Amino acid sequence: VESEMAHAIPRIWSLYIINKSGGLIYDRDFTDRSAREDPVRYGSLLYGMLVVSQELSPVAESGGFEVIEADSFRLHCFQTLTGTRFFIIADLNHQHVDKVLRQIYKLYADYVIKNPFYLSEQPIKRSCEKFDTYLIDLISKHNANLKAH
């Protein structure tokens, strides 16, 4: 298994967006897995991990973790000034997650926040189809580009 992972193509596997209250407003899996067990529970766990990391920090006013590394993946967190958090689960060898997170945030700002039909802090649904379409395109191209190198 370890040799398989050493030669695996670095890629982004999942995205979770959590509002400032800790509610899951968007999740997307970019793997070939059929379905995840419970994305709402995962979103709650991610928010809880962030809060615990803030409380454990010896630095006052810590924003919590930016990256947590496990044995087979990295969990990246990008926090906006408004309190929305973007979590990406990516391969250990992935080098550009911070760039991808900023590109996702730009899509979020353009196609969710600026959408007059989107209710702030609510789940991202059909009224934001362009966000979903462009996000899938961004990650697909990104993962394909990594495969080509």
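A salt bridge is a side-chain nitrogen of Lys or Arg within 4 Å of a carboxyl oxygen of Asp or Glu. In this predicted model, Lys-106, Asp-110 and Lys-114 are linked in a network of such bridges. The chain has 149 residues, with four helices and five strands. The points below cover its layout, its sheet, its cores and its charged pairs.

**Overall layout**

- Buried residues account for 38% of the chain.
- The accessible surface is about 9,400 Å², and carbon and sulfur atoms supply 53% of that area.
- Of the contacts with a separation of 6 or more, 49% are between residues 24 or more positions apart.

**The sheet**

- Five strands form an open sheet in the order β2-β1-β5-β4-β3, and their pairing is antiparallel.
- The edge strands are β2 (residues 24-29) and β3 (residues 67-69); each has a single partner strand, so one side of each has no neighbour in the sheet.
- On average, neighbouring strands of this sheet are turned by 15 degrees against each other, with direction ignored.
- Strand β1 (residues 12-18) and strand β5 (residues 85-90) run antiparallel and are joined by six bridges.
- Within β5, the residue opposite Ser-14 is Ile-89.

**Helices on the sheet**

- Helix α2 (residues 39-56) lies across β1, β2, β3, β4 and β5, and runs at about 75 degrees to β1.
- Helix α3 (residues 97-113) also packs on the sheet, where it touches β1, β2, β4 and β5.
- The direction of α3 makes about 135 degrees with that of β5.

**Nonpolar cores**

- In soluble globular proteins, nonpolar side chains tend to be buried together.
- The largest nonpolar core of this chain has 24 residues.
- Ile-17, Ile-88, Ile-104, Ile-124, Phe-131 and Leu-135 have the most contacts inside this core.
- Two or more residues of this core come from each of β1, β2, β5, α3 and α4 (residues 129-148).
- Helix α3 gives the most to this core, namely seven residues.
- Beyond its neighbours within four places in sequence, Ile-17 is in contact with a set of residues including Leu-24, Ile-25, Phe-86, Tyr-108, Ile-124 and Phe-131.
- Another core, of 10 residues, lies apart from the largest one; among its members are Ile-18, Phe-65, Cys-77 and Phe-87.

**Salt bridges**

- Side chains of opposite charge can pair when their charged atoms come close.
- The whole structure contains five salt bridges.
- One of them joins the side chains of Arg-28 and Asp-132, with an N to O distance of 2.6 Å.
- Arg-28 is in strand β2 and Asp-132 is in helix α4, so this pair ties together parts that are 104 residues apart in sequence.
- Arg-74 and Glu-69 form a salt bridge in which the closest N and O atoms are 3.0 Å apart.
- Glu-69 has 54% relative accessibility and therefore counts as exposed.
- Lys-106 and Asp-110 form a salt bridge, their closest N and O atoms being 2.8 Å apart.
- Both Lys-106 and Asp-110 lie in helix α3, where they are four residues apart, about one turn of the helix.
- Lys-106 is exposed, at 51% relative accessible area, whereas Asp-110 is partly exposed, at 27% relative accessibility.

Technical notes: Residues numbered from 1 in each chain as written. Predicted model: local features only at pLDDT ≥ 70, side-chain atom pairs only at ≥ 80, totals over all residues. Heavy atoms only, no water. Pairing = 2+ DSSP bridges. Axes fitted to C-alpha atoms, helices over the stretch in contact; angles between N-to-C directions. Contact = heavy atoms within 4.5 Å. Buried < 20%, exposed > 50% of the residue type's maximum accessible area, 1.4 Å probe, protein only. Areas by Shrake-Rupley, 256 points an atom, 1.4 Å probe, with all protein chains shown as cover. Core = buried A, V, L, I, M, F, W, Y, C linked by side-chain atoms within 4.5 Å.
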